[in-house]
Amino acid sequence: MRSLILLVEDHVDSREMLEEFLTLEGFAVEVAGNGLHAWERLRKGPTPDVMLLDLMMPVMSGWELMERVQKEPRLKNLPVIVVSGAGATRPVPQGIRASIPKPLDLDDLMRALEPFRSSAQSQLAAGY
């Protein structure tokens, strides 16, 4: 079974590129264009295996989304990887597993996502 990533990114080109890349890497990907859309998706479930989160977004920022996630018992332990250029100007939110700066290095992203690959995905990626 493929691991499910919730990709939260407001920039359309970045979101589409990452969605395609992650799908090719064997992940199931759902997308949200801002923190509010992500919050609505998280509340209805099922909980994704990991969330990739931009911080600077319209409607609801990544910081605001993480405040809500941390207060929700069902979501409090959701693994979150921040992918943002904002970390240098403002601290990353509490409850994140990793922070990858933009411009994004795909090798860094894949290293951060490695714990979330299923064994079947790992074999597929290794060419078995």
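1. Let's start with R41. This is a predicted model, and in it R41 is buried, with a relative accessible area of 10%. The cut-off for calling a residue buried is under 20%, so R41 qualifies.

2. Who does R41 pair up with? Its salt-bridge partner is E30, and their closest N and O atoms are 2.3 Å apart. E30 sits in strand β2, while R41 belongs to helix α2 (residues 35-44), so this pair ties together parts that are 11 residues apart in sequence.

3. Next, have a look at R117 and E25. Their side chains meet in a salt bridge, at 2.6 Å from N to O. Both ends are in loops: R117 in the one between α4 (106-113) and α5 (119-126), E25 in the one between α1 (12-24) and β2 (28-32), so the pair links parts that are 92 residues apart in sequence. R117 is buried, at 11% relative accessibility, and E25 is partly exposed, at 24%.

4. Now a pair within one helix. R111 and D108 form a salt bridge, with 2.5 Å between the closest N and O atoms. The two are three residues apart in helix α4, so about one helical turn separates them. R111 counts as exposed, at 55% relative accessibility, whereas D108 is partly exposed, with a relative accessible area of 33%.

5. There is a network to find as well: E9, D54 and K102 are joined into one by salt bridges that share partners. How many salt bridges are there in total? The count comes to six.

6. Back to helix α2, this time for its packing. Two packed helices are described by the angle between their axes and the distance between the axes. For α2 and helix α3 (residues 62-71), the axes come within 9 Å and cross at roughly 20 degrees. Angles under 35 degrees count as roughly parallel, so α2 and α3 are roughly parallel to each other. Their crossing is right-handed.

7. Which residues make the contact between these helices? On the α2 side they are G35, L36, A38, W39 and L42, and they meet L65, R68 and V69 in α3. By type, the contact of α2 with α3 has six nonpolar residues, one polar and one charged.

Terms used
Residues numbered from 1 in each chain as written. Predicted model: local features only at pLDDT ≥ 70, side-chain atom pairs only at ≥ 80, totals over all residues. Heavy atoms only, no water. Salt bridge = Lys/Arg side-chain N within 4 Å of Asp/Glu carboxyl O. Helix = DSSP H or I, 4+ residues; strand = E, 2+ residues; numbered from the N terminus. Buried < 20%, exposed > 50% of the residue type's maximum accessible area, 1.4 Å probe, protein only. Axes fitted to C-alpha atoms, helices over the stretch in contact; angles between N-to-C directions. Parallel < 35°, antiparallel > 145°, perpendicular 65-115°, else oblique. Left-handed = near helix turned anticlockwise from the far one by under 90°. Contact = heavy atoms within 4.5 Å. Nonpolar A, V, L, I, M, F, W, Y, C, P; charged D, E, K, R; others polar.
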